[in-house]
Amino acid sequence: MAGSESKQENQGLQEHRVFAPPAEFVASATISGMDAYNALCAEAEADYEGFWARLAREHLDWHKPFTQTLDESQAPFYKWFADGLLNVSYNCLDRNVLNGNAEKTAIIFEADDGQVTRANYRELLERTSKFANGLKARGIKKGDRVIIYMSMSIEGVAAMQACARIGATHSVVFGGFSAKSLQERIIDAGAVAVITADEQLRGGKHLPLKSIVDEALALGGCESVANVIVYKRTGGNIAFNEGRDVWLHDLVDGQSAECEPEWVDAEHPLFILYTSGSTGTPKGVQHASGGFLLWAALTMKWTFDIKPSDVFWCTADIGWVTGHSYIAYGPLAVGATEVVFEGVPTYPNAGRFWDTIAKHKVNIFYTAPTAIRSLIKAADVDPTVHPKNYDLSSLRLLGTVGEPINPEAWMWYYNNVGGARCPVVDTFWQTETGGHMITPLPGATPMVPGSCTLPLPGIMTAIVDEAGHDVPNGQGGILVVKRPWPSMIRTIWNNPERFKAGYFPDELGGRMYLAGDGAIRNKETGYFTITGRIDDVLNVSGHRMGTMEIESALVANPMVAEAAVVGRPDETTGESICAFVVLKQARPTGEDAKRIALELRNWVAKEIGPIAKPKEIRFGDNLPKTRSGKIMRRLLRVLAKGETITQDISTLENPAILEQLKDSN
């Protein structure tokens, strides 16, 4: 059936190709064949709470068993397994040591420069326990919030595990974020400590971390931070604040290698992870200990079909949710061996990913469509870095994450990286969902390039109209989840009203989870295809950023009077940022426009981070506005794409401005 023509047709994609899971894969898969998938879905339909209770008892170790599975009494603030006690770090580390995996490699760390360090489960437990004891010695305790601002490292994973071990709630901030972004998150979380490193290595460059922490704290409002713990990664020169700052090696020196886990209830906040919102201020997505870990472990077994002998590699950063679910927690919860990678896919050359797979005999590889697209381009330019030049025979499963993958990139990945023998799991999920929601199961689901196919068992997805009514297959609409599930967001930290309004809006009845994405289902198969965001959140290289956040940064520049930001399709990053800017001075042209655009791009990088830099900035005397003064962003989206405006512009106050903004300056 692989590659054969069928009646499968994803509206919008017009995709006819269908690929059956390889028979050899099906034979040994955790979920083998569509009958097995359908049986699990039927079990969830017949006894929803019983289904989840069974899985929670089978896949997690409980210090005190739960007696209530789901508490819906304060919906949409759902609680799962709330009266059960457990510890996430114990489930990831201790039980592997106790189950005979003590000497099994847990982490293969490959540094930016190619140096490799390994830690087995016994060593990782000891390292985490010393770290946890060190945190306790500094007065950090259950319920405290700890910011982690580190690059990829064994220490970064151990920091997260150490917080979980003592019941502290961590909030990891991606190491590319600016001091201001870091400061905002420290203040919102009320963090008592920051764990960082002197510098990080990325693409052969030394990039600051500790100095950015110092800058963030100096901006003010961070008086809650009493401790800054610094991992000596490079030995670079940094300022040191005696009393507040402590080296990680000094923190753990002399600490016991044993640390009794803090047993917490299943609803105890494991972490807060900030994600951009369309209103500008970052949202602290709060996840619970028990439900999050259950789904991280289950999806490792279901989606990735993890086996005891597998080497698993997720290329994400721990600063994003993918790095939480599929680096820091999921792989360790199932006793896997995983690669943790510090570098970038193009250093020292664009064959780095393929070389790393060959070197470590990686079996399961999980990366972003953006990376795949950039490596396709690189291989076209330099044939020596094409995957065919590397031994990728160890691979048995491929995955993608962060955004929909376009069909031709899927085909290249499937044929050139997987040798047309590895299933590709195109996983749809979000920071808020905690783990995969809609994805092919590699031993069951026939794959269609560009489609995330079907929801996982127990995930009750649907496509509805703006009133919350189901729409027929073949008609686009709004993606929702109709029943709560264990790994779902619990609230927005310190902002329950924003949580309710954003994810469980009254317009949809207040009980359906609004994913914020548009989607369509195939008429015949019921397969899902994600069609894009329905709000003003951009998805650049799999990273979500609010347009309002970028606009606010631009307007904060003394030169700028007004700004509007929209997204447009981008071949490499999926979506790129296009900014329309009105200056306080005359509209620049020629070299002046180029110079000011560069200055503003760098300004945004400093205010938010490099990932938020607009790819294009266009200058105008004004922005297209209605007579009531509302910026008509839908028209700017059309202009950004280089398309002709066909919409009604009768409400536009200044239609002549569209001609001015049509072309790049």
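Analyst: Phe580 stands opposite Arg618 in strand 32. This is a predicted model, in which local features need pLDDT of at least 70 and side-chain atom pairs count only at pLDDT 80 or more, while totals for chains, interfaces and linings use all residues. Residues are numbered from 1 along each chain as its sequence is written, and side-chain values use heavy atoms, with hydrogens and water left out.

User: What makes strand 31 and strand 32 a pair?

Analyst: Two strands pair if DSSP finds at least two bridges between them, and four bridges join strand 31 to strand 32 (residues 616-619), the two running parallel. Strand 31 also pairs with strand 30 (residues 560-570), in the antiparallel sense and over ten bridges; Val565 stands opposite Ala579 there, and a hairpin of three residues joins strand 30 to strand 31.

User: Why is strand 31 called largely enclosed?

Analyst: Buried means under 20% relative accessible area (exposed is over 50%, partly exposed in between, with a 1.4 Å probe and protein chains only). Eight of the ten residues of strand 31 (residues 574-583) are buried, so the strand is largely enclosed by the rest of the structure.

User: Why are helix 7 and helix 8 called oblique to each other?

Analyst: Angles under 35 degrees count as roughly parallel, over 145 as roughly antiparallel, 65 to 115 as roughly perpendicular and the rest as oblique. Helix 7 (residues 179-189) and helix 8 (residues 210-218) pack at about 60 degrees, their axes 8 Å apart, and are therefore oblique.

Conventions. Axes are lines fitted to C-alpha atoms, for helices over the stretch in contact, and angles run from 0 to 180 degrees between N-to-C directions.
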